[in-house]
Amino acid sequence: QVQLVESGGGLVQAGGSLRLSCAASGSIFRINFMGWYRQAPGKQRESVATITSGGSTSYADSVKGRFTISRDNAKNTVYLQMNSLKPEDTAVYYCNAGVTTGWGMNGMDYWGKGTLVTVSS
């Protein structure tokens, strides 16, 4: 099994910054991609940012220019640097990873339990 553990959430004022971390552990052969999703109260979960094993990144339009995703392959960890935070960024942020657990096996999606980010106005 694979476990994803997020950290770094909290309360911040609008305009402030937070850095989220997500560490993957367990039966990992290869991490194909890692990313962050978020779910605000009463809304569907949405993709925020994704990074591939090769370092290619993609972002939701709503966070482009403010958020930066990065990863440390040696530590199986992905980060989300969030700057210029807005109240509408308030949500539970979930880590997501596509992981292959053995040679010749298909990759599977894994999720963390989430970390709450609250941005006050």
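User: A disulfide is a pair of cysteine sulfur atoms within 2.5 Å; which residues does the disulfide join here?
Analyst: This is a predicted model, in which local features need pLDDT of at least 70 and side-chain atom pairs count only at pLDDT 80 or more, while totals for chains, interfaces and linings use all residues. Residues are numbered from 1 along each chain as its sequence is written, and side-chain values use heavy atoms, with hydrogens and water left out. The count comes to one disulfide, and with an S to S distance of 2.0 Å the residues joined are C22 and C95.

User: Is the disulfide of C22 and C95 left-handed or right-handed?
Analyst: A disulfide is a covalent bond between the sulfur atoms of two cysteines. The torsion about the S-S bond of C22 and C95 is about -85°, so this disulfide is left-handed.

User: How many residues apart are C22 and C95?
Analyst: Strands are DSSP runs (E, at least two residues; helices are H or I, at least four), numbered from the N terminus. C22 lies in strand β3 (residues 18–26) and C95 in strand β9 (residues 91–100), distant parts of the chain, and the separation is 73 residues.

User: Is C22 buried or exposed?
Analyst: Buried means under 20% relative accessible area, exposed over 50%, and partly exposed in between (1.4 Å probe, protein chains only). The relative accessibility of C22 is 0%, so C22 counts as buried.

User: Which kind of aromatic pair do F29 and W103 form?
Analyst: Rings of Phe, Tyr and Trp (its six-membered ring) pair if their centres lie within 6.5 Å, and planes under 30 degrees apart count as stacked, over 60 as edge-to-face and the rest as tilted. The rings of F29 and W103 are 5.9 Å apart centre to centre with 85° between the planes, and the pair is edge-to-face.

User: Which charged residue sits over the ring of W111?
Analyst: A charge sits over a ring if NZ of Lys or CZ of Arg is within 6 Å of the ring centre and within 35 degrees of the ring normal. At 4.8 Å from the centre of the W111 ring, the charged end belongs to R45.

Technical notes:
A disulfide is a pair of cysteine sulfur atoms within 2.5 Å.
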